[in-house]
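Here is a short briefing on one protein chain. Keep the sequence and the structure open while you read.

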Amino acid sequence: MDSFFRSEEMCLVQLFFQTESAHNCINELGHLGLVQFKDLNPGTVAFQRRFVKEVKKCEEMERILRFLENEVVKSNIPIPADFTSETIPVPRDVLDLESRFDKLEQELKEINSNRDTLRQNFTQLMEINHLLFVAGVIKHERFPAFEKILWRLFHGNFVLRHAEIKPHEEENMAEDPVKKDVFVVFVQGDQIRGKIRKLCDGFHASMYPCPNNAYARKEMRTNANTRIEDLRLVLKRTEEFRETTLTAAAANLQEWTSKVKKMKAIYYTLNLCNIDITQKLIVAEIWCPVSDLNSVHTALIHGSEQSGSSLSPVVNRIQTQQTPPTFNRVNSFTTGFQSIIDAYGVGNYQEINPAPYTMVTFPFLFAVMFGDCGHGLVMTLLALCYPSLQLIDMLVDGRYIIFLMGLFSIYTGLIYNDCFSKSFNVFGSSWSVRPMFHPHGPWTNDTLHDSGHLHLDPLVSGVYSGNPYPFGVDPIWNIASNKLSFLNSYKMKMSVIMGVAHMLFGVTLSLVNYIFFRNLKDVALQFIPEVIFMLSLFGYLIFLILYKWCVVMKSESAPSILLLFINMMLFDYSSEGTVLYRTQKPVQIFLVVVAVLMVPWLLFNNAFYKFLSLQFCLSLFFGVKKAFFSLQVSMADIFVYQGIHTIEYCLGCISNTASYLRLWALSLAHAELSEVLWKMVLQVALRVTSGMGSVLLAVTFAAFAVLTVTILLVMEGLSAFLHALRLHCTPSTYTP
C-alpha cells in the first residue's frame, strides 16, 4: 500500500542470458513493462553500436509500411483495427519481412507507374477523339490568356473556336481531374501557323495531327475509339489488381507494423547491452521494482524456454550508490491522474507521489468552477457511456477523470443549489416576508404595488429564523436582487480559503518527505520557515475571513478584508473603520515582522549550515587554506540555489493565492452563462415554439437553442478544466 502513495523501491539487477534467447527474453521483459535498461556503452556513438544495421533495416521497413498505409488510405480500403496477435519476432523475421516489403513496394510502384502511363495514353486518345476537327487542347484556366495574346499578335486576323471537354469516368477516377478546352485556329500562311505553334508550346497546349480529308479523319476516329476501349479494359484490370494487392497488404498491415516496432525496440535495447568475446553471452543491467524481482526472473526463464536455450538466464542483484529512476505504479483508474502529474514533472526517487491526492483535489477544483448538478450529471453519464466512444481514445483514457469531475460537480452544484440555473427548495427558506409587514415591519400593501424591489431586513424580528439552510445555499437567493453581490463575496473568499489550504497541504507533503529521508535539518531550515511565512500572512487572511463571517456586524460599518490586508502590509492604521477586533494592530504588526524575518531565514540559514559543515570537513582533510578556496566555489552555488528557492517560494505564495481567485471567476462565469442562456435562449425558444403551428419549425428552433447551449457550456467546461490544471501544478503545490 505504501507504493501507492510514493514511488516504488527500485534495485539494480545484472542479467546474463544467451544470444539466441535475447529476442525472446527482451520481448518478455517488454510485455512485462516493469524494467528500465541501463546503457552499458555510454561512450559509444549510435552508428558504432553492434546492432545499428538491424535498426536501420527496421527504420527502412517502417518507411515502406508508411508508404503502403498511405496508398491504402488513398484507395479508401479499410484497415482492420482488431489486431490481437502477440507473435514474438525472431532475427530471421528481419530478412523475411525486408524481402517481402521490398518486393511489395517495387510491385506497387510498378503498378502505379503503369497505371499513370495508361491514364496518360487514355487521356491523349480521348483528346484526339475530341479534336479530330480541331487543332489542340489547352487547360481551361489558361485559355483566356491564350486568346488575348492571339488577338494582340494577329489583330483579329484569325478565327478561333473552343469547347470544354467533359471528363469521362476514367478521368474522374484520377486524384485531381483537370478541366481542359479543345480549340481550333484558322489562319492564312505557314509563317503565322508556325508562330501559333510556338505560342501553343509556351502555354503547354497539346498539339495533335489532324488529317486533311474526311475519310482519313473518319478512319482516325475509328482507330482511336478502338484503342480507347482496349485501354479502358486494361485500366480496369490494372485497378482491380492494384486494389487486390492493397487489400491483401491492409489485412496484414497492423501485424507487420507491430512486428517491426517490436524488432526495432529489441535491437535498440540490445545496443544498450554488452556482448562477451565469444559472442554467445549478453550482459545487461536493469532497474526494476524490488517487489517484482520474481516476476522479472520468471519472464526471463519463459523467454529462454521459448527460444530453446540450454542455459537459464542469471539474475544478480548488485549494490549501487546511483540514484534509481522514479517508478509510480498505475492502473486504468490512476493512469490519467498520473499523466497529469508527470506532464509537469516527475518527482525524485522515493518521494511522495501526488497522484493519489490529485484524484480528489483536481476534480474538486474543477467542480468548484463548474458547480452545477445538472451539468455534472451530464458529464457523469458521458463518462459511463465510454464503451460506445471507443474511437475517441483521449476521452476513453480519461473517462475516470471525467466521471469524478461529474460527481464532484453534482456535489458542488448541490452546495450552490444550482441545477441548470435553477434552485431546489427542499427544506424551505430560512427567510420570511411576513414579519416585514405592518405592524411588525415597515411594509404595507401599497409598498408592494409602488416598489419594484424590496429588501428584507434581517434585524427585524422573524425575518431571518437564525437557522441556516440545512445543505447548500438558501433558495431565496436565486430570486434576490443582490444575489450577485452575495455570491461574489462568498465564492471569492472561499476560493482564497481553498487555495491557501491546498498550498499548505502541498508544503505538508514536503514534511513527510523530509521525515522519510531523515533530513531533519531541512525540517527546521526549510519547512518551519515556509509554514510560518504562509500562516503569518495568508493564514491570518483566512482568520479574518472566518472571523468576519462569525461576528454580527452591520454591512455599512463592516471593514473590507482586502483593505485590512493591504493596510496590514503597509502598517497603515490611520484610516477609520480598519479595526475588526480589539488587539488587531499589535497582532498584525507582529505577524508581518515574523513573515519578513522568515525570508532571511530561508535565504541564509541553509547556506550557513552547509558553510559550517563544509568548513569543518575540508579543514579536517585538506587544511585551512585549501578549505577556504574550496568554500568560495561551493558557497556561490549554495547561495544561488537557495536564493532562487526563496524567491520562488515567497513570490509563489503571493501569486498562487491570487491565481486561486480563478475558482471564483470561473464559477461566477458559469453560473451567469447558464442563467443568461436560460433566460435569453431556452425560455425564448419555449415561448416561441409554443405559439408556432409548425411542429418541424418548433423542433428546429428548440434543437438550435439546445445545440448553442451545449457548445457554449462545453467550451466553458474545457476552460474550467484547463484552469484546474493550472492551479494544480503551481510551484508551491506538493513542494519536494
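How far apart are the end C-alpha atoms of residues 587-604? They lie 26 Å apart, and the span is 100% helix and 0% strand. This is a predicted model. The chain holds 22 helices and 9 strands.

**Whole chain**

- The chain has 736 residues, and 40% of them count as buried.
- Take the contacts in the chain with a separation of 6 or more: residues 24 or more positions apart account for 81% of them.

**Transmembrane annotation**

- An unreviewed UniProt entry lists residues 362-386, 398-416, 494-516, 523-546, 587-604 and 691-715 under "transmembrane region".
- One of these spans, 523-546, is 100% helix and 0% strand in the model. Its end C-alpha atoms are 29 Å apart.
- The span 587-604 from the opening question is also listed in that record.

**Helices α17 and α18**

- Helix α17 covers residues 520-550, and helix α18 covers residues 561-570.
- Their axes come within 11 Å and cross at roughly 145°. The crossing is right-handed.
- On the α17 side, the contact involves S536, L537, F538, Y540, L541, L544, I545 and K548. These meet I561, L564, F565, M568 and M569 in α18.
- By type, the residues of this contact divide into 11 nonpolar, 1 polar and 1 charged.

**Helix α10**

- Helix α10 runs over residues 335-343. Which of its residues are buried? They are G336, F337, Q338, I340 and I341.
- G345 follows α10 and has a positive phi, near 140°.

**Asn41**

- N41 sits in the loop between β2 (36-38) and α3 (52-74).
- Is N41 buried or exposed? N41 counts as buried because its relative accessibility is 17%, and the cut-off for buried is under 20%.
- Its side chain reaches the backbone oxygen of C273 at 3.0 Å.
- Beyond its neighbours within four places in sequence, N41 is in contact with R49, N271, L272, C273 and N274.

**Phe16**

- F16 belongs to strand β1, residues 10-18.
- F16 is partly exposed, with a relative accessible area of 24%.
- F16 and I282 are 266 residues apart along the chain, yet their C-alpha atoms are separated by 5.8 Å.
- Setting aside neighbours within four places in sequence, F16 contacts L281, I282, V283, P313 and V314.

**Gly406**

- G406 lies in helix α14, residues 399-416.
- Why does G406 count as buried? Its relative accessible area is 0%, and buried means under 20%.
- Its contacts, leaving aside neighbours within four places in sequence, are with G376, M379 and T380.
- G371 is 35 residues from G406 in sequence. In space the two are 9.5 Å apart, C-alpha to C-alpha.

**Ser674**

- S674 is found in helix α21, residues 661-690.
- S674 counts as buried, at 7% relative accessibility.
- K422 is 252 residues away along the chain, and the C-alpha atoms of S674 and K422 are separated by 9.2 Å.

**Positive phi outside glycine**

- N76 is not a glycine, but its phi is positive, about 60°. N76 is in the loop between α3 and α4 (91-130).
- At 69% relative accessibility, N76 counts as exposed. The cut-off for exposed is over 50%.
- F571 is not a glycine either, and its phi is positive at about 55°. F571 is placed in the loop between α18 and α19 (584-622).
- Relative accessibility for F571 is 43%, so F571 counts as partly exposed.

Key:
Residues numbered from 1 in each chain as written. Predicted model: local features only at pLDDT ≥ 70, side-chain atom pairs only at ≥ 80, totals over all residues. Heavy atoms only, no water. UniProt positions renumbered as here; feature names shortened; annotations may be inferred. Helix = DSSP H or I, 4+ residues; strand = E, 2+ residues; numbered from the N terminus. Buried < 20%, exposed > 50% of the residue type's maximum accessible area, 1.4 Å probe, protein only. Polar contact = N/O pair within 3.5 Å; in protein donor to acceptor, adjacent residues only side chain to side chain. Contact = heavy atoms within 4.5 Å. Axes fitted to C-alpha atoms, helices over the stretch in contact; angles between N-to-C directions. Left-handed = near helix turned anticlockwise from the far one by under 90°. Nonpolar A, V, L, I, M, F, W, Y, C, P; charged D, E, K, R; others polar.
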